[in-house]
Amino acid sequence: MISFTHGNIVFTFQHSENLRTINFNQYDSKAKLRRQSLLGRYRLDSTTGAPLNPMGRTGLLGKGLLPRWGPNHSFVLCITRWTRDTRTGVQVIRSNRGVLQYLALERNKRLCMPWYLTDHTNKCDFDECVPKIISSLVTRRGRAILPEKRVERLLKRIEKAEVTQIFKGYLDDQLNADSAWMETVVINLHESESKGAQLPDDILK
């Protein structure tokens, strides 16, 4: 049971997990995942043992719809390329600037960049592992939907792309709750060849 007080009113709700048995702020060897936050150590409720959102109350009790108590790690894949003329391959310039394209998925009638929840092992530093996870994801999806020859060409193009980490930290998301929240690493994969990485539309869905 988790309780909190607002004025003279005490709110409570039931949950099936004993939160004091979960190893927060460290690698959880039982669950085989890291429960550390990218923001450093987070506080636990002195009464229930529930982790407390480092950004404060959200108005949503417990962990809401998120799968993990405490930090829920994810990564966002931002795929970009410069717009090029389809006939000549020459980069399009408007007002002395290039025109940047980015890949977006349509989910629930809204456009968003591809993002995925992920669990980190005790050997992961949250930095080097994410590009490896992305490479593994693209490879698996490519082999599932493309002929082998196209997969090999795809991987060669991705290897030549510029990969940059552009953000790491707390993700302000509507799924965040009082005792569970999203944290993310955002990776920009920018094509460096005239024809781009040529990722098929279905590969990141």
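How many bridges join β5 to β13, and do these strands run parallel or antiparallel? In this predicted model, 11 bridges join the two strands, which run parallel.

The views below come from a predicted model, in which local features need pLDDT of at least 70 and side-chain atom pairs count only at pLDDT 80 or more, whereas totals for chains, interfaces and linings use all residues. Residues are numbered from 1 along each chain as its sequence is written, and side-chain values use heavy atoms, with hydrogens and water left out.

**View 1. The whole chain, with two helices and 13 strands.** Helices (H or I, at least four residues) and strands (E, at least two) are DSSP runs numbered from the N terminus. Of the 205 residues of the chain, 38% count as buried, where buried means under 20% relative accessible area, exposed over 50%, and partly exposed in between (1.4 Å probe, protein chains only). Among contacts with a separation of 6 or more, 65% are between residues 24 or more positions apart, a contact being heavy atoms within 4.5 Å. The chain exposes about 13,000 Å², of which carbon and sulfur atoms supply 49%; accessible areas come from the Shrake-Rupley method with a 1.4 Å probe, and for residues only the protein chains shown count as cover.

**View 2. Strand β13 and the two strands paired with it.** Two strands pair if DSSP finds at least two bridges between them. Strand β12 (residues 162-171) is joined to β13 by nine bridges and runs antiparallel to it, with Val163 bridged to Leu189 of β13.

**View 3. The two faces of β13, both covered.** In a regular strand the side chains alternate between the two faces of the sheet. On one side of β13 lie Ala180, Met182, Thr184, Val186, Asn188 and His190, on the other Trp181, Glu183, Val185, Ile187 and Leu189, and all are buried. The strand as a whole is mostly covered, with 11 of its 11 residues buried.

**View 4. The largest pocket and its lining.** About 460 Å³ of space lies in this pocket. On a 1 Å grid over the protein atoms alone, a pocket is an open set of points where a 1.4 Å probe fits, with protein on both sides within 12 Å along at least five of seven lines, and lining residues have an atom within 4 Å of a point. Grid points are joined across faces, edges and corners, and the volume is the space filled by probe spheres set on the points. Of the 15 lining residues, Asn108, Cys112, Trp115, Asp173 and Gln174 lie nearest the centre. Two or more lining residues come from each of β5 (70-82), β10 (110-112) and β13 (180-190), and β10 gives the largest share, three residues. By class, the lining has eight nonpolar, four polar and three charged residues; Ala, Val, Leu, Ile, Met, Phe, Trp, Tyr, Cys and Pro count as nonpolar, Asp, Glu, Lys and Arg as charged, and the others, Gly among them, as polar.

**View 5. Asn108, in the loop between β9 (105-107) and β10.** Most residues other than glycine have a negative phi. The phi of Asn108, however, is positive, near 55 degrees. Asn108 is exposed, with a relative accessible area of 76%.

**View 6. Leu61, in the loop between β4 (33-34) and β5.** The C-alpha atoms of Leu61 and Ser179 are separated by 7.1 Å, although these residues are 118 residues apart along the chain. Leu61 is partly exposed, with a relative accessible area of 28%.
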